[in-house]
Amino acid sequence: MQLQFKIYYKTFPGQQLMIVGSLSELGAGNIDHALFLKLDDAITGLWTLTLDGLAAEDFTYRYFVKDDNFSAYLEEWGPDRQFRADGRKDSSILLADLWRSFADPDFALHSSAFTQAILKQENKFPATKGKSQKLAGSVVVRFKPTVVRIKPGHRVAVCGSSKSLGVWKDKKAIALGNPDHPSWNGEVIVPEADFPIEYKYLIQDEEGKTAFWENSENRILELPVGSVPDTIEVADEKFIFPQYPWKGTGVAIPVFSLRRKNGFGIGEFSDLKLLVDWAAETGMKMIQILPVNDTVAKHSWQDSYPYAAISVYALHPVYINLLEIGKLNSEINQQIIESQGNYLNSLDKIDYEAVMALKSRYFKLIYDQEKAEFLKSKKFLAFFKENSHWLKPYAAFSYLRDLFNTPDFSRWGEYSKPTANLLAVLTDKKSAHYDDIAVHYFIQYHAYCQLLEAAEYARSKGVVLKGDIPIGIYRNSVDAWLSPQLYHMDRQAGAPPDDFSAKGQNWRFPTYNWEEMEKDGYAWWQHRLRHLSTYFDAFRIDHILGFFRIWEIPSSQVEGLLGYFNPSIPYYRHELQDRGLWFDEHRFCKPYIREHFLYERFGDLTEHVKFHYLEEFAPGCYNLRPEYDTQAKVEMNVTIQPDDSPWMRNRTERIVQGLNSLIGEVLFLYAPGTGGNGFFPRNALHFTKSFQELDNHAKHVINNIYLEYFYERNEEFWRGKAMGKLPVLKKATNMLLCGEDLGMVPACVPAVMNELGILSLEVQRMPKNPKIAFGHPAFYPYLSVATPSSHDTSTVRGWWEEDPGRSQKFYYEILGNHGPSPYECTTDVVRQIIVQHLYSPSMWTVFPIQDLLGMDNKLRLPNPHAERINNPGNPTHYWRYRMHLNLEDLLNETAFNGYLKELIQQSGRLEVY
């Protein structure tokens, strides 16, 4: 059999189109043995390859671009293409393919969010075959378009100029089948004399009548020059819809914030089913939640922080519905637990410690009662077999955490560095402590079952569950314990100063050792994402900028101000001097502390600080004493004692803040790995006394270096780093990828995200354009998620009341209203903001549930400031917000639900087309 491959792709100099496949003639799947295609037409970008003498067998293949400019490969979107021989004996076949670009917005609809939930096709049609036998002088044409966006019962058809294609009469169109949905398939036999043929696709309804034709020019299929193939397969063509692109609406709320009747004081996985019912009732297609991994580290309210997971696999026990596990044999214990649960459920906010104490007690009681049968059950054993690679280490870690009363594994003595033998001993079924291990298997099994049940219920209702992947891992986690080589444990991730925090943020997470992760193709990330795809069909990549570069803070410092971008290109001493800067290392890299500004930092405590914390090395010039010369040392050595009076607490806080500000009086930071010869300019250095007291020439040179470093120097470098990682994440699963791209966004980020088909996040009050105060939803890109607020901001109502002047500007400029703006954010103002987002071009508009309820005076919470979920400027924030309404009651609010559905429907975000 002869195979001809034909594909159009316009390359740049240094690029070469290649093909690799499962056949030995196509490299047997080894990219190093891939074949080069031949460029037949540089103007149209036509590439071809012909292979002779092939066996008629099924195989897979894919195209990619070898780019010598970057020593990299550019992959196309989607799984490998499939060729099916189907027992045919054709002597020659032409495979006419189209390049599948990641950047094509249509391919977002091929994610599991649509194929497994929103646009899932339960009933499939068989592929259509030609109605007659192939005769001499004819060609079998097999049409294989890909169409996801189609209603149940509707099907794709093809009609065209040839008699075999109905001669443009839609009643004679050839209906296609979709046994391999979303690929449609059908064939016709076309006389060679009919070529070139023109054709179009159309959609037929349940009765086989034409619903509508595609909105495109006639497609043209010509015979190749030279020998005529027996069969031509036309693959990957897209249906050009006459309607606008598909758009949907979603709701955002953390699982912990859900409230139901007869709950236990916190939202649970099973509550998601009630939320799915409400979403389906109102026409919403997505539920966006925060991370749900286990964060139990200290057994305190501080574990409420959902981004500090002790495992990237384990689910949080707090989200388990106790009543779905089973009842205790002891009626007294059961009554006590249910009574305590009723009390906790009556609270306005989550009492995290009380909820966890109650559930932990129940887990141990029910495990002791059920363990004999549970540990032998087929369902558990299947779960254990599939997940033991993470479940065993997690259970061992949890056991040791409780044994040593700390998650800090560096304090676990002989258990600080796990080995395979050590884990085997810890999880041995014959050990005396095995129940303390197996109880974690029991908990995780039930968490898995309950979240999976909620996920499958959502899919059955056409609703997508969207998860959230934190950018970092918790320093004292099972992941860091098992594989410390994958992380820089001596460094911290955070964010530079922004609207959330003037001093930047320090998340205390170790940063990733990307070089080490690259060695096995980022397997850690691939396994993590595939695991999440069990539950989710879309996910939010927290701080996607971290895949370009992360804001890294040395372990010796506390404030985000003293960080730098990693990776980034440092400045070396000779380069700085070539710029005209006489580099005085002590002046630029050591804290600049002078007598004349100490009083403004410390006031009446100045003399005390000079005596206890500073050393004078020249008249009016000071260094910090060695025990206080880093912020980490200050944090350790200048502390508030439990019995300190309020006056003493305030005094200590003033000293700490003042010392930290002195430590930050530097202009350049040492770049790690350069032996002290490389430097980074400090963020926001213009506000330091050190900068302000330079001569004008030095200020000018340093300012230029600063602007270059933060906005120009690293752009191509960062693009290359991201393109080495993000395509791997994209191909690891079929989930819909959305990136949280807020903050100091490098210029290369939007292009990379668009090139890879990753949706951006558009928050109205945080526009990407620094020259405007507010974003306007009308100008958002299609591949984006539009939202008026997020879990890291105040709600629309809370934001409105924070700054009346700003609200007035927004009222005029964005909403187009006249007259004075109301002080309180009225239901009408909230409605205007919601509607404005609904009519945006964004593929998704997702609203915090608090903002949606703000449209109704009866349903909104009276105090808008009580609706806020997180305050990023507070590193010890208590995450405890709860809905004030039961989900059951919300489902019964028929008037409001109907009103919300009407708004969604009117905006075109409800129908398939």
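User: Where does Asn 262 lie?
Analyst: Asn 262 lies in the loop between strand S19 (248-252) and helix H2 (271-282). Keep in mind that this is a predicted model.

User: What is phi of Asn 262 near?
Analyst: Phi of Asn 262 is near 60°, a positive value in a residue other than glycine.

User: Is Asn 262 buried or exposed?
Analyst: Asn 262 has a relative accessible area of 57%, so it counts as exposed.

User: And Trp 168, what is its phi near?
Analyst: Trp 168 has a positive phi too, near 65°, and is a residue other than glycine. Its place is in the loop between strand S11 (155-160) and strand S12 (174-175). At 32% relative accessibility, Trp 168 is partly exposed.

User: Switching to prolines. Is the bond from Phe 195 to Pro 196 cis or trans?
Analyst: That peptide bond is cis, with omega near -5°. Pro 196 sits in the loop between strand S14 (183-191) and strand S15 (197-204).

User: What about Asn 566 to Pro 567?
Analyst: The peptide bond there is cis, with omega near 0°. Pro 567 is in the loop between strand S28 (564-566) and strand S29 (571-572).

User: Last topic, the sheet with S30, S31 and S32. What is the strand order?
Analyst: The order is S30-S32-S31, in an open sheet with antiparallel pairing. The edge strands are S30 (593-594) and S31 (614-618), each pairing on one side only.

User: How many bridges link S30 and S32?
Analyst: Two bridges, in the antiparallel sense, with S32 covering residues 621-624. Ile 593 stands opposite Tyr 622 in S32.

User: Which helix lies across S31 and S32?
Analyst: Helix H15 (residues 606-613), which runs at about 80° to S31.

Technical notes: Residues numbered from 1 in each chain as written. Predicted model: local features only at pLDDT ≥ 70, side-chain atom pairs only at ≥ 80, totals over all residues. Heavy atoms only, no water. Pairing = 2+ DSSP bridges. Helix = DSSP H or I, 4+ residues; strand = E, 2+ residues; numbered from the N terminus. Contact = heavy atoms within 4.5 Å. Axes fitted to C-alpha atoms, helices over the stretch in contact; angles between N-to-C directions. Buried < 20%, exposed > 50% of the residue type's maximum accessible area, 1.4 Å probe, protein only.
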